[in-house]
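Open the model in your viewer and keep the selection tool at hand. This tour goes from one stop to the next and says what to look for at each.

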Amino acid sequence: MAAWDLSVIVEDLGSDAPPVTLSVTSDLHVGGVILKLVEKTQIKRDWSDHALWWDQKQQWLLRTAWSLEKYGIHADARLLYMPQHKPLKLGLPNGMTLRLHACFSSPVFQTVMGICRMLNIRRPEELSLLRPLEEKKKKKDKDSTEEIYDLTEVPLSSVSRPCLYNGMPAHFADSPQMETIYKMLSVTQPPPAPEVIAKQYRPASVVDKAHINGRWLDSSRSLMQQGIQENDRLWLRFKYFSFYDIEPKYDVVRLTQLYEQARWAILLEDIDCTEEEMMLFGALQYHISKVSQSEPQMMSSSAAMDDLESALQSLEVKMEGESSSASEMLENMTAPELNDYLKIFRPKRLTLKGYKQYWFKFQDTSISYFKSKEESIGEPIQQINLKGCEVAPDVNMAAQKFLIRLLIPAPEGMNEVYLRCENEQQYAQWMAACRLASKGKSLADSSYQSEIQSIHSFLAMQKTNSSSHGNVPANDESINTHSLVSPRYHKKYKPKQLTPRILDAYQNVAQLSLTDAVTRFLQIWQALPDFGLSYIVVRFKGSRKDEVLGIAPNRLIRIDLGVGDVVKTWRYNNMKQWNVNWDIRQMAIEFEGNVNIAFSCVTADCKIVHEFIGGYIFMSTRSRERSDTLNEELFHKLTGGHEAL
């Protein structure tokens, strides 16, 4: 075979060095090219992390057994030989910026796994990388000397779980500086100054919120392929709001960063909440910040205890599995039920809210209602099956309003039903029953009582306790209330008006431990009606105007841009197939009942929407038995589209 010259730029020789020219033949494999290259540079060093990058094609040549001919490389190819791991500036949810080595050659999905392994964040599939917001350059850039914490010395390991030493990964226990960084990752930050909150970008509309989702990186392509350069800045954020298996003992960093992301979402009004909820969020932030200063956060656990615990856990899973048949038989013999008078209302557009009272019966996973108790022997007016429905609370303790909002799946979308309860006791029982039924569980399920209990304790936190301020003086100087609420309330109330309201709410949470307070904060955040929605502006096929598509962990929502009303809801579990026409960048989805929708994306690439939907379907496939091994192939199959193959 005829030999020809191939020139390769070796990054390590410096930017001014001329390319290295090699004499090669087309049947020479990539590994052979690298070998020749290393011999010719005559530099003694570890080259194991280096690989060839083909500039024109924006492609890594990672299959070293492939020949130049197979890759289609000719003499005009511009090849670079460089490390696959390069430094990256990474902004975390808590506002810290880290400098660390990330993999520029594997798909972003794997790169995120590597970063999370280094930072001791479990379940890396829930996070991803996105391009940050462009900050406007100010003339006096004095504050630009932000602190960057350097982790570039940390050796990269491929172990799925890092070795823990005193509760933290061994590489953080190496030096006091590293230990300080880990502490910053795993301890909540103090409330930000009101000026800091005011300076941050706040989305003013759903369209603004939609723009951020256009900046997610593609999980199936590498950083290098997406134009990310060495030392560029990216953000690491939770992308899929489906949090699996949170264990406070192992998830210190994960919980802290999740709390920080939730807190900023509330402070910057990225997610809507009522004034009462805002006061409660403020009180919890105040409490968390107070406790985290006094309580040592590091949770140390010995390996022996961990082994014992996991053994007990698997035993528990086995026992549950084995005893199910007997318990099921018992359950079917004596299935408990709830009966009571409740008020029901079905919101239709432009109707006044009229609640009507009926006699309700809750059996298995469905609700039936009758005109009166006496008529409950006959046929019900209607029976509603709650399996797979959405349950959202709408409660105002001060006004004694106890509403349960149900979204019932139907072929043409979702039907909305509101149930109104008389008092807290009735609300807790029916709310708990609805929540279990939505997961397909009946009242006989062992978790029914604990669900009622957690609803009661949740309501207790919202009660105002005006009689006593306990051990907190009413004009506590240490509390800067404008740091705890969003800017809307800075304008609406003076700090001295907010203080008593936040301290009122604080009474109900003051006894919580740090972990419980953070968990409670996340629970209230997850109970907000708009929780977990990622917005994309789309144009539906046949429509003349832009609309918004809300992507949630279990459903898609079509939102009217003008009024902000939900027009339609489609659930993933009714989805038969979804695909993308990559030529016209249009997405088509088919649901059961011959429902077909198609749309093109305006504020994001359709690959991002495809990835969101496939990603959420992937999240729902995770189970306890296979908890530690991630099925990467399935993730790429569901999210990649033809481009990933």
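## Stop one: a charged pair

Select lysine 86 and glutamate 11: they form a salt bridge, with the closest N and O atoms 3.3 Å apart. A salt bridge here is a side-chain nitrogen of Lys or Arg within 4 Å of a carboxyl oxygen of Asp or Glu. Lysine 86 sits in strand 6 (residues 85-91) and glutamate 11 in the loop between strand 1 (4-10) and strand 2 (20-24), so the pair ties together parts that are 75 residues apart in sequence. Helices (H or I, at least four residues) and strands (E, at least two) are DSSP runs, numbered from the N terminus.

Before moving on, a word on what you are viewing. This is a predicted model, in which local features need pLDDT of at least 70 and side-chain atom pairs count only at pLDDT 80 or more, while totals for chains, interfaces and linings use all residues. Residues are numbered from 1 along each chain as its sequence is written, and side-chain values use heavy atoms, with hydrogens and water left out.

Now show the surface around the pair. Is lysine 86 buried or exposed? Lysine 86 is buried, at a relative accessible area of 4%, while glutamate 11 is partly exposed at 32%. Buried means under 20% relative accessible area, exposed over 50%, and partly exposed in between (1.4 Å probe, protein chains only).

## Stop two: two more pairs

Next, pick lysine 576 and glutamate 590, whose side chains meet in a salt bridge (3.8 Å, N to O). Lysine 576 belongs to strand 24 (residues 575-581) and glutamate 590 to strand 25 (residues 586-591), so this pair ties together parts that are 14 residues apart in sequence. Lysine 576 counts as exposed, at 53% relative accessibility.

Then go to helix 15 (residues 606-619), which holds both lysine 607 and glutamate 611, 4 residues apart, or about one turn of the helix. Their side chains also meet in a salt bridge (2.8 Å, N to O). Lysine 607 counts as buried at 4% relative accessibility, and glutamate 611 likewise at 1%.

## Stop three: a network

How many salt bridges does a search of the whole structure find? The search finds 29. For a linked set, select Arg122, Arg123, Glu125, Glu126, Asp245, Asp251, Arg254 and Arg622, which are joined in a network of salt bridges.

Two members of that selection deserve a look at their backbone. Most residues other than glycine have a negative phi. Arginine 123, however, has a positive phi, near 55 degrees; this residue lies in the loop between helix 3 (108-119) and strand 8 (127-130) and is buried, at 8% relative accessible area. Aspartate 245 has a positive phi of about 55 degrees, although it is not a glycine. You will find aspartate 245 in the loop between strand 12 (233-238) and helix 7, buried at 17%.

## Last stop: two helices

Finish by showing helix 7 (residues 252-267) with helix 14 (residues 514-526), which pack at about 45 degrees with their axes 10 Å apart. Axes are lines fitted to C-alpha atoms, for helices over the stretch in contact, and angles run from 0 to 180 degrees between N-to-C directions. Which residues make the contact (heavy atoms within 4.5 Å)? On helix 7, select Leu255, Leu258, Tyr259, Ala262, Arg263 and Ile266; on helix 14, Val518, Phe521, Leu522 and Trp525.

Methods. Contact = heavy atoms within 4.5 Å.
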